Each structure stands twice: as C-alpha cells, then as structure tokens.
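Me: Please show me how to read this structure, taking one feature at a time.

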2 protein chains.
Amino acid sequence: MTFSLLLVIVLGALSIAYGVVTARQVMALDAGSTRMQEISQAVQEGASAYLRRQYTTIGIVGVVLFVLIVLTLGFPVAIGFLIGAVLSGAAGFIGMNVSVRANVRTAQASTQSLAAGLDVAFKSGAITGLLVAGLALLGVAVYFFILVGIAGLAPNSRTVIDALVALGFGASLISIFARLGGGIFTKGADVGGDMVGKVEAGIPEDDPRNPATIADNVGDNVGDCAGMAADLFETYAVTMVATMVLAAIAFPADMLHLGMLYPLAIGAVCVVTSIAGTYFVKLPANNSIMGAMYRGFIVTGVLSLIVLLPLTYLVFGSGTITAGGASFSAFSLFLCGVVGLAVTGLIIVVTEYYTGTDYRPVQAIAESSVTGHGTNVIRGLAVSMESTAVPALIIIAGVLCSYNLAGLYGIAIAVTTMLALAGVVVALDAFGPVTDNAGGIAEMAGLPKEIRVTTDALDAVGNTTKAVTKGYAIGSAGLGALVLFAAYTQDLTYFAANATTFPYFQGVGTLTFSLSSPYVVMGLLFGGALPFLFGGMAMTAVGRAAMSVVEEVRKQFREKPGIMEGRDRPDYGRAVDILTKAAIREMIIPSLLPVLSPLVVYFGVAAIAGKAAGFEALGAMLIGVIVTGFFVAVSMTTGGGAWDNAKKYIEEGHHGGKGSEAHKAAVTGDTVGDPYKDTAGPAVNPMIKITNIVALLLLAMLAHGG
Amino acid sequence: MTFSLLLVIVLGALSIAYGVVTARQVMALDAGSTRMQEISQAVQEGASAYLRRQYTTIGIVGVVLFVLIVLTLGFPVAIGFLIGAVLSGAAGFIGMNVSVRANVRTAQASTQSLAAGLDVAFKSGAITGLLVAGLALLGVAVYFFILVGIAGLAPNSRTVIDALVALGFGASLISIFARLGGGIFTKGADVGGDMVGKVEAGIPEDDPRNPATIADNVGDNVGDCAGMAADLFETYAVTMVATMVLAAIAFPADMLHLGMLYPLAIGAVCVVTSIAGTYFVKLPANNSIMGAMYRGFIVTGVLSLIVLLPLTYLVFGSGTITAGGASFSAFSLFLCGVVGLAVTGLIIVVTEYYTGTDYRPVQAIAESSVTGHGTNVIRGLAVSMESTAVPALIIIAGVLCSYNLAGLYGIAIAVTTMLALAGVVVALDAFGPVTDNAGGIAEMAGLPKEIRVTTDALDAVGNTTKAVTKGYAIGSAGLGALVLFAAYTQDLTYFAANATTFPYFQGVGTLTFSLSSPYVVMGLLFGGALPFLFGGMAMTAVGRAAMSVVEEVRKQFREKPGIMEGRDRPDYGRAVDILTKAAIREMIIPSLLPVLSPLVVYFGVAAIAGKAAGFEALGAMLIGVIVTGFFVAVSMTTGGGAWDNAKKYIEEGHHGGKGSEAHKAAVTGDTVGDPYKDTAGPAVNPMIKITNIVALLLLAMLAHGG
C-alpha cells in the first residue's frame with residue numbers, strides 16, 4: 001500500500017509540474033501596452049485586496065474551529081482540517097492570481113489571432129483546473145500517507161477517518177465562504193454596474209467611464225474564478241474522503257486498503273489523462289471554439305475510460321469483492337466508472353440544451369422578451385424550473401445503475417470517476433472569467449474593435465462552458481452528498497453497534513430512518529427549508545450590494561460631471577471598496593447556516609425525543625438539504641445561463657437586436673439571472689455538503705467525547 | 001352512530017340554508033345602471049362559457065376514470081369518485097355564479113358607503129365559503145351514512161374505505177384542472193392585458209378601451225373564485241377522508257366508529273361557528289376593513305375552541321383511547337385541535353408579515369424598484385425564497401406537538417380542525433375577486449371616481465386576504481398530505497400483513513421506507529422534481545397565454561384605430577375566446593403529471609427491483625412531492641403577494657408614486673408575481689394531494705385485483 005500511495009502522490013504531483021511549466025509559458029507572453037498593464041494592475045490589486053480581507057475573516061472562523069477540533073478530536077484530526085482549509089484557500093488564491101495575469105495576455109494575444117487568444121485563455125484555465133484537482137488529490141493522499149504509512153495508524157482507525165472528514169470540512173468551510181463572498185462581490189458589481197451604466201447612462205459594458213467597471217473585472221476573478229476553484233476543490237476532496245470513509249466501514253479487513261486506495265488511484269490516473277487532454281484543445285479549421293473545448297474534454301474522457309479498466313483489475317484482481325453486503329467484480333466497478341462518465345456527459349448535453357442559443361428554451365425566452373420585461377422573466381423562471389427534471393432523472397438512473405452494480409461503494413466510485421475529470425472541467429470554466437476580463441481590458445484600453453470581436457467570441461463560449469460546468473458541479477455535488485449521507489448512516493450504525501466502546505451511543509439501537517417516523521419527515525422539511533432560506537439570503541445580499549454600487553456610481557456621476565465626457569477619471573477604488581465590505585459582511589450569516597443547522601436539529605430533537613430520534617431527524621435533514629438543494633441549485637444555475645444567452649441571442653440580431661425593447665427586457669432577465677447563476681445557485685453546492693460533513697464530524701465528536 | 005351521523009348531516013345542511021338565504025338577500029339588492037348590468041352580463045357570459053368548456057373537457061377524463069374505477073373497484077367506489085368530482089365542480093360553479101352576480105351589486109352598494117360595499121362583497125364570499133365547506137362535509141358524511149347506515153357495510157370495510165378515497169380522488173382531479181385552467185386563464189388575461197394596456201398603450205387598468213378587460217374580469221371569476229373554491233373543497237374533503245381512513249386502520253374495533261365520526265363532528269360544529277362568525281364582519285368605527293374581516297375570523301376561531309372541548313368529551317368520554325400504538329385522552333385530542341387552530345393563526349400572521357405593505361419585506365422590494373426592473377425582481381425572488389422558512393418551522397412544530405399528544409391520529413385531528421375553518425377562510429378569499437370585479441365595473445361603466453376609491457380600498461384588503469388564505473391553503477395541504485402519506489403506509493402495512501387475503505402483497509414483507517435504501521432516496525428525488533416541473537409548465541402556459549393576448553390586443557388596436565379614441569368598440573369576446581382555448585389546451589398535460597407519476601414510479605421500480613422496492617420508492621416519491629411542493633407553493637404564493645403589494649405601496653405615493661420609474665419596475669415584479677401567486681403556486685396544492693391519493697387508490701386496486 002505504501003508504494004501504491006507514493007505512486008498516487010507522484011502522479012498527483014504531475015499536476016503541480018504542469019501548472020508551473022504552463023504558468024511560465026503564459027507569463028513569458030507579451031503583456032500588451034502600458035495602458036493595458038495599468039488596467040490589469042488595477043484589477044489585480046482589487047482582487048488581491050479583496051481576497052486578503054476575505055481570507056482574514058474566514059481565518060478567524062477557522063482558528064476558532066481549529067481550536068475546537070483540537071480540544072474535541074485531537075491534534076491529528078485538527079491538522080486534517082487545517083490542510084483542507086489551507087489548500088482550498090490556496091486553490092482559490094492560485095486561480096485568481098493566474099487569471100488576473102492571463103487576462104491582459106489574452107487580450108494582447110487576441111490582437112494576433114483567435115487561435116492565439118484561445119490558447120492563452122485556455123492554458124490559464126488549465127493551470128487552475130489541474131492545480132485544483134492535483135491539490136485536492138495530494139492533500140488527501142499525502143495526509144493519508146503520513147497517518148497510515150508513516151505514523152502507522154490503521155487505515156480504518158477513528159483517527160484516520162476523523163482526520164479525513166475534518167479535511168473535507170476544512171475544504172467545505174472555505175469553499176462556502178469563497179463561493180458566497182466572491183459571488184456577492186462579482187454579481188453586486190455586475191448587476192449594479194450594468195443597471196446604472198447600460199440602462200441609465202446608456203454606455204456600453206466595460207466602458208472606462210463607468211466607475212464600477214474595475215470592480216466588475218475584479219469580481220470575475222474573485223467570484224467566477226477563485227470561488228469556483230475553491231468550490232470544485234471542495235467537491236473533489238469531499239467526494240474522495242466520503243468514498244474512503246465508506247470503504248473503511250464497508251470493506252472486510254483484508255480488502256480495506258484496496259477499497260480506500262482505489263478512489264485515489266482513479267484520481268491519480270485522471271490527472272495524467274487530463275493533462276493529455278489539454279494538449280488537444282486547438283482551434284480546428286472551422287474556427288469552432290466550442291469544438292476545440294469539447295475535443296480536449298472528450299479525449300480526456302476516452303483516455304480515462306481506457307486506463308480505468310486495467311487499473312481496476314490491477315487494484316482488485318479478478319475475484320469477487322464483498323463490501324457492505326454487496327458482492328461484485330472488478331468489472332462491475334469499472335462499469336460504475338463508466339456510469340460516472342456517462343452521467344457527466346449527459347448532464348453536459350442537457351445543460352447545453354437548456355442554455356444554448358441553438359435550442360428552444362433560450363429562443364423562447366428571447367421571444368418572450370418582445371412582449372416585455374414581465375414575460376421575459378416569467379418564461380425564464382419557467383425554463384429554470386423545468387430544467388431540473390431531466391438532470392434529476394439522470395442522477396436517479398446513475399444511482400440505480402451503480403448501486404445495482406456494486407452497492408453503495410459503486411455509487412461512490414461513480415461519483416469519484418465523475419470528479420476525477422474535475423481538472424479538465426475546471427479548465428473549461430476558468431477560461432470564462434479570463435476572456436471576460438480580456439474583453440474588458442480591450443474595451444478600456446481602447447484597442448481596435450476587431451480585438452473586442454475576438455474576445456467576445458471567446459467570452460460567448462465561456463458563458464456556455466460556465467453553465468455546463470455548473471451543471472456538472474451540482475450533479476456531482478448531489479451524488480457526492482448522497483455518498484456522504486451513506487457514510488453518515490454507516491458510521492452511525494457502526495457506533496450504535498459498538499456502543500460499549502462508544503458509550504454515548506448506548507441505547508440508540510438500530511436506526512431505520514423510516515419515513516413513517518414524524519421526526520424523519522420533520523427532518524426532511526427542516527433540511528428542505530435550508531436551500532430556500534440560503535438562496536433567498538444570497539439573492540438579498542446581491543440585491544443590496546448592487547443597490548449600493550448603483551448609488552455610488554450615481555454619486556460619482558453627479559459629483560464629477562466630467563466623467564461622462566471623458567474629462568474626469570472615475571474613482572474605481574471606491575466601488576471596489578464598497579463591494580469588498582458588502583460581500584464580507586453579507587457572507588457570514590448564510591455561511592454559518594449549514595454549519596449550525598445540523599447541531600440545532602440533533603440537539604433539539606434529542607432533547608425532546610431522545611438520541612435515536614435526534615440522529616434520525618439529523619439524517620433526514622441531510623437528505624432534505626440534498627433533495628431541495630439539488631433542485632434549487634440546478635434551477636438557478638441553468639435558468640441564469642438561459643437568461644444570459646437569451647440576451648446574447650437578441651444581441652446577435654434577433655427580435656430587433658441591441659437597443660430594441662426586446663433587448664431591454666432581455667437585459668432585465670440577464671440581471672435577474674446573474675445572482676441566480678453566479679451567487680446563490682453555485683453556493684448551494686458547498687452548502688449541501690457542509691451540512692452532511694458537519695453531521696459526520698458531530699458523530700465523531702460524540703463518539704470521542706461520550 | 002346513525003343518529004350522530006344524521007346530526008352531522010343536519011348541521012352540515014345549515015350551510016346550504018345559509019347559502020340560500022344569503023344569496024337571496026344579495027340578489028335582492030340593486031344591480032345598478034343598465035351599463036353596469038351589461039358589463040356584468042358580459043363577464044357572466046364569458047365565465048359561464050369558459051366553465052362549460054372546462055367541465056366538458058374534464059368530464060371526458062372523468063368518464064374514462066369512472067369506467068376504470070367501476071371495472072377495478074366496483075360500483076360503490078366509483079360512485080364515491082363521482083360524488084367527489086361533481087361536488088368539487090359544483091363548488092366552483094356556485095362560487096363563480098355568486099361572484100359574477102355580486103360584483104355589480106357591490107359596485108352599486110359602494111356608491112352608498114364603504115360599509116355597504118363591504119357588506120355585499122363579504123356576504124357573497126361567505127356564501128361561497130360556507131357552501132364549499134358544507135358541500136365537502138355533506139358529500140363525505142352522506143355517502144358514509146349511505147354505505148354504513150343504510151347499506152350496512154362495516155365502517156372499516158374495504159368498500160367503505162375505497163369509496164372514501166375515491167371521493168377524495170374525484171375532488172382532487174377536478175380541483176387540479178380547475179385551479180390550473182382557471183389560473184392560466186386569469187393570469188394570461190391579467191398579464192397580457194396589463195402589458196399591452198398599462199405599459200404599451202398607457203391606459204389604466206380596466207379601461208373599456210382595452211380589448212382584454214372583460215377577459216380579465218372573467219378570469220377573476222373562473223380562476224380566483226371558481227378555481228379557489230374547487231381547491232379548498234378538495235383540501236377539505238381529502239383531509240376528512242384521510243383522517244377517517246387513518247382512524248379505520250388505527251382504532252380498535254369498539255372505538256372505530258368514534259374515530260371516524262369525530263372529524264365529521266368537528267366539521268359539523270365548525271359550520272355553525274363559521275356562520276356565527278360571518279355576522280361579526282361589520283365595518284368598525286375606524287373604518288378598518290381588515291379589522292372587520294379578522295373580527296369575523298377570530299370569533300369563529302374562539303367559538304370553535306369553546307365548542308371543541310365538550311364535543312371531544314362527548315365523542316370519546318373520559319377514558320384512555322388507544323389507536324395506532326399511541327395512548328391518549330380526549331383532552332389530548334382537544335389540544336391537537338388547539339394546535340391546528342394555532343398553526344392557522346401563526347401562518348396567517350407570518351403571511352401577513354411577508355405580504356403586507358407595513359412590513360420590511362414588501363418595503364424592501366419597493367425600495368429595490370428604484371434601481372430598476374432587475375433589482376425589483378431579484379429582491380422579490382429573495383423574499384419569495386426566504387418566506388418559506390418560518391411556515392416550515394410552524395408546520396414542523398405543529399406536527400411534533402400533535403404527534404406527541406395523540407400519535408398519527410393527533411396530526412390528522414390538528415389538520416381537520418385547521419380545515420374546519422375553511423368556510424370562513426374561503427369567505428375572506430372569495431371576497432377578493434368580487435371587489436376586484438366591482439372596481440372593474442365601476443371603471444368601465446364610468447362611475448364617479450369616489451366609487452373607484454371605495455372599491456380600491458376593498459380590493460387592497462382583498463389582496464392581503466388572498467395571500468393569507470393561500471398560506472392557509474398550502475399549510476393545510478402540506479399537513480393533509482402528510483396524513484395521506486400516513487394512510488398510505490398504514491394501508492400498505494395492513495395489506496402486507498394480511499397477504500393471504502390480498503395475494504398481490506405476498507412477499508412484500510415489512511417495509512421500512514428507510515433513507516438508507518437507494519430506492520427511497522431516488523423516490524424522494526423523483527417526487528421532488530414534480531413540483532418544479534409542474535410549476536415550470538404552469539408558468540410557461542401563462543407566459544404563452546399572455547403573449548397571445550398581447551398579440552390579439554395589438555392587432556385590434558392596429559385594425560381599429562378608433563378604439564383608442566373611444567370611437568370603436570373593441571371585440572372583447574375574441575380575447576375571452578383565445579384565452580379559453582389556451583387555458584383548456586395548456587391545463588391537460590400538467591394536470592395528468594401527478595396522476596400518472598405514481599403509476600410510473602411504482603411499476604417502473606417494481607419491474608427492476610421487486611414489489612417491496614416499488615412500494616418504498618412510491619412512498620418516498622409522495623414525501624418528495626410534499627417536501628419540495630410545500631416550498632415551491634409557499635415561495636410562489638407569498639412572493640407573488642409581496643410583489644403585488646410592493647407595487648401598491650409605490651402607488652400609495654412612495655418612491656415617486658404612480659408613473660415613476662420605480663413604479664414601472666414594480667409593475668414588472670407584479671407581472672412576474674401574477675402567475676406565481678395565482679396559477680403555479682396554488683395549483684401545487686391539489687397536485688401534492690393528487691399524487692398521494694392516486695397512490696392510495698393504486699393500493700386499493702392492487703389489493704382488489706391481485
């Protein structure tokens with residue numbers, strides 16, 4: 001096992017090597033004119049200042065929790081928490097730093113050709129993507145190696161399991177703050193800037209006269225890039241951890257290490273196939289940017305599939321495996337991996353259908369814009385709600401297939417395989433904010449119109465890939481959360497069955513989580529309420545932040561009338577500052593909601609109806625969060641993407657094109673879609689998992705303390 | 001038992017007597033000028049034509065199902081279905097007929113005084129309200145009396161239980177069509193008419209030059225009045241039925257008849273207290289219309305509470321009652337009733353907080369309108385999502401209290417008591433469309449401005465009471481559905497335990513509905529998807545209907561330029577006709593979704609994983625529908641009400657008042673809120689229950705056929 005783990009670590013480290021090499025390549029490129037570098041510098045400063053403040057704030061919460069974990073679960077477990085938190089933060093920080101430097105170089109490369117622009121933008125996305133996947137894999141694998149290979153702990157010892165869970169908790173905690181804080185910042189800037197700039201003052205997006213324009217570009221980096229990176233890091237790490245915990249409980253002693261090694265091995269080989277895939281992203285003869293993207297993705301998928309089969313036999317051999325009451329072969333596990341890849345592919349196709357300009361839903365929203373703002377929003381909400389049904393069916397089919405192939409572990413392996421592609425998926429996503437920024441810089445630096453056309457073409461693809469990866473993220477988060485829930489029930493069963501060792505669990509007995517119990521139904525309802533409340537709070541926060549930006553911009557226009565004539569320079573820093581304060585202030589309470597809710601439910605119900613009812617209600621709450629969270633998140637991210645592209649579709653010249661009444665209505669829809677798709681929707685992902693992982697941690701604390 | 005049942009029927013019949021007497025009083029009033037009567041006549045014709053077509057269409061579905069039930073469950077059960085369907089249709093039909101005649105009389109009475117206008121409008125609402133509650137009670141009680149008292153069947157015989165369930169199914173089926181069809185009609189007219197009239201042509205609401213104005217008034221009657229009446233009829237009947245079925249299964253043989261009689265007795269005495277309450281609705285000295293309304297409601301509540309205590313002892317005596325594993329006293333059951341009333345009161349308070357112009361949420365939406373359409377919608381969506389949390393906590397508290405007092409039967413009694421007040425609650429709601437119409441008639445008939453001020457004051461209160469009763473309806477529907485789910489599990493346990501008598505259930509064994517089973521989790525996800533899909537389809541339907549109205553109105557303005565100058569008369573009939581066709585066409589598929597889904601889930605899963613898994617997945621699906629359905633419905637109805645009143649708040653003169661930019665943004669929010677609160681949101685109510693009742697019926701068919 002030690003050797004295999006080291007191999008995993010070496011392969012994982014390749015992602016770091018790829019990141020360093022590619023980052024050097026990108027940095028060596030021409031950073032454009034002084035004006036462009038000035039703008040990029042301003043964006044960079046704003047983004048760094050924001051992240052510094054965000055991390056300081058999260059740091060305070062983190063230190064409190066670290067001390068709490070040291071006191072309750074001991075030092076090794078707390079170190080796990082620290083690793084998860086620091087690496088999650090690092091993923092976001094690196095993503096932001098790459099992106100703020102790549103934006104200006106993408107703008108400059110776009111002056112040469114579309115292919116050159118695509119190359120820089122995609123490479124910078126790939127650096128972030130592979131570092132996210134690589135760091136998550138390495139974090140889990142290295143700490144597991146230290147605990148098991150060096151400190152000599154048993155892989156299924158409570159310390160190891162608790163440390164892994166704590167690592168996941170650390171990652172989730174940072175991720176929810178980063179997603180939410182970054183999301184509030186970016187959409188506050190975007191909505192506020194658009195409303196006062198595009199709608200009131202009638203100046204184009206990214207016009208240097210708009211005092212919110214630098215803030216808008218800062219937002220792309222701290223929200224869409226750093227926030228997304230932290231989110232995917234978390235989903236990856238938590239899924240790995242959940243699969244390993246499940247394996248530790250389910251597998252018999254002699255197979256245990258294999259069951260725990262396998263997810264890490266999948267992650268490791270997929271780092272290699274992801275790196276290989278990135279080299280296939282090249283603009284084809286027909287100039288289809290989307291085609292280039294998908295080619296890289298498909299190559300990674302096919303290569304992973306090819307490698308997965310021998311890998312599985314290498315790990316498990318050809319005998320029958322028995323784990324958690326299910327018997328299966330290595331081939332069944334391979335098929336679970338195939339299920340994971342199939343789910344990924346199908347979700348991408350469905351998301352593209354609902355958010356692409358070539359299909360009915362987006363065109364229907366565009367059509368509804370002709371009759372006004374109201375019908376645009378109504379139709380957009382309709383699409384947003386309807387778009388949840390097919391992804392739900394895909395997840396249902398995926399779970400049923402993988403469960404029938406290899407039990408709960410089969411589901412876990414399907415999700416692990418799905419997430420093993422995170423490197424290349426994040427690459428597609430991180431590409432978006434870079435091109436968005438590049439366009440902004442081109443506009444502000446007054447580069448020729450053709451450059452803006454090139455960056456706009458890249459940006460449009462970025463919108464679709466962003467929507468697609470969000471579908472992927474929430475799909476995998478939903479499945480990952482189900483694995484976490486399985487870990488919760490298995491863990492609980494284990495503690496209850498060994499109540500002599502874990503005295504707190506005496507008298508808990510066998511738990512059924514039966515829907516006939518009112519505590520279970522109430523837990524479901526309570527859990528179901530959380531994503532709605534959380535989503536509502538996130539929307540409120542963006543609305544408030546945007547209003548403060550609108551007021552600031554109006555004030556600047558009023559105080560310095562020269563801004564609109566180009567004589568006065570707007571104070572960009574003030575908008576950045578206002579948003580930084582607003583985002584940090586607004587992210588705290590919603591982020592703590594999923595951390596505290598499991599405690600409230602468990603201790604509340606346990607006080608009324610005993611421990612057993614408390615654990616059942618808590619378990620039901622977790623499922624409640626997963627079920628409504630999935631629908632809320634999918635409807636928000638897909639709906640937001642559809643609104644965005646309906647606007648783009650009109651701008652392409654349909655229904656009167658830019659400046660028409662239909663376009664104005666479509667801008668309203670896009671504005672509503674912004675916090676839907678970039679703040680509330682994606683933040684529900686870490687929110688779902690954080691409730692589940694806090695529940696696991698609570699079990700560990702009760703077992704340890706009782 | 002026979003005597004007690006007859007007493008229930010006599011008390012229930014009092015509601016009919018009240019209806020007839022009060023209807024005569026209202027009809028005897030002055031119907032105003034010829035012009036007013038003409039307008040009222042046009043509305044009446046449109047509404048009758050629509051309902052005729054709607055019922056013909058539903059009739060076809062109904063006949064098919066009737067035959068199917070005769071063939072599978074026999075004639076007495078099919079008669080139950082017929083009674084439920086016909087009475088549900090009758091409730092809607094009567095509601096509409098009262099309302100279309102009371103509107104003109106309210107307008108005329110408003111020429112005298114506010115008190116006179118209030119009196120007519122409220123009385124007409126009370127007729128509908130008491131007939132809804134009375135017919136539902138009588139339908140269940142009379143058929144139960146025929147089966148048990150006359151035909152001599154045992155109260156817990158399968159025929160009686162199946163007949164009751166079928167009665168509930170008939171009511172639900174009509175109700176979902178009526179809610180959805182009426183909702184699409186009314187909001188298609190409202191949204192379409194407003195967008196082209198208010199926004200494009202700049203003419204006020206209800207202006208006779210708007211060709212959609214009669215359709216708008218027809219919509220109030222077929223949607224807000226007939227649809228709502230059918231919905232509440234259904235909730236009432238289904239809750240009664242579910243409570244009786246639960247009692248039939250849970251109570252020991254010697255107490256059985258008491259357990260089944262008790263809910264009917266509660267309903268009967270509350271008919272009397274509701275009638276008493278209506279006489280307390282009188283305009284107080286301070287002219288507070290809302291105060292007058294609440295006085296009537298509070299009197300009914302307090303009287304019911306006073307009567308409930310002796311009634312409960314009269315039925316159950318002072319001994320200990322044992323049912324379904326729980327032991328409790330008559331006093332505990334009385335306390336469950338108190339819980340039901342408390343839940344009603346709290347939900348009303350919370351809904352008023354979220355939708356009233358005096359509180360933060362509505363004012364925040366109004367404030368957000370200042371910065372534009374986008375921020376208005378964002379803030380409205382935020383309020384809509386946040387508003388679900390507290391009602392969920394109220395329901396949770398209500399269930400936990402009543403369960404701890406008297407087990408599952410306790411929950412059922414809490415809901416029954418809640419619904420026993422339906423008569424007076426519907427009165428408050430049906431008052432709304434009457435005053436809305438009265439205002440329209442005053443406007444179109446060119447009555448002096450003061451009259452419109454009076455009807456507007458009444459209408460504003462109508463908006464609040466409508467939101468409040470929707471909160472009540474969805475709260476009680478959620479609780480009622482939980483009782484249905486309990487009936488499903490109890491029924492299933494009974495069949496499985498008696499598999500020799502019911503051979504289909506051989507080998508099903510003990511079902512736990514454990515959340516650890518993937519079939520249960522998948523069932524939850526599948527069920528969770530339904531309200532989203534259904535809501536999305538309803539929103540799409542309204543959007544499409546509104547667009548066709550906009551196009552029709554634009555066409556009329558184009559073809560007859562004289563309309564705007566008042567020289568040409570618009571063709572009101574064409575708009576009514578277009579909407580009728582659209583509403584009927586669009587209601588079919590979404591309405592069949594909840595009818596067919598239980599069958600698909602059960603037979604689908606049973607084919608893959610056996611009957612036991614099928615029943616578990618189906619049960620989980622029911623809970624999934626309840627959980628997400630509750631949140632979707634609450635967020636839509638409350639959010640819509642908040643948007644509506646934010647517009648009203650601005651019209652009162654805040655943020656620039658009528659005609660300001662903020663007002664335009666608020667109109668957009670109101671437009672979006674319209675299908676939210678009057679189509680999709682309320683239609684989720686019957687949708688939740690129909691899935692549950694179809695599942696119960698499926699069990700009956702399998703037991704009968706197997």
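**Reading the packing**

Me: In which kind of crossing does helix 1 of chain A pass helix 7 of chain A?

Reply: The crossing of helix 1 of chain A with helix 7 of chain A is left-handed, the near helix being turned anticlockwise from the far one by less than a right angle; helices are DSSP runs (H or I, at least four residues), numbered from the N terminus. This is a predicted model, in which local features need pLDDT of at least 70, side-chain atom pairs count only at pLDDT 80 or more, and totals for chains, interfaces and linings use all residues. Residues are numbered from 1 along each chain as its sequence is written, chains are lettered from A in the order in which they are written, and side-chain values use heavy atoms, without hydrogens and water.

Me: At what angle do helix 1 and helix 7 of chain A pack, and how far apart are their axes?

Reply: Two packed helices are described by the angle between their axes and the distance between the axes. Helix 1 (residues 2-27) and helix 7 (residues 256-278) of chain A pack at about 30 degrees with axes 9 Å apart, the axes being lines fitted to C-alpha atoms over the stretch in contact and the angles running from 0 to 180 degrees between N-to-C directions. That makes the two helices of chain A roughly parallel (under 35 degrees).

Me: How many residues of chain A are in contact with chain B?

Reply: Contact means heavy atoms within 4.5 Å, and 75 residues of chain A are in contact with 75 residues of chain B. Between chain A and chain B the count is zero salt bridges (a side-chain nitrogen of Lys or Arg within 4 Å of a carboxyl oxygen of Asp or Glu).

Key:
Angles under 35 degrees count as roughly parallel, over 145 as roughly antiparallel, 65 to 115 as roughly perpendicular and the rest as oblique.
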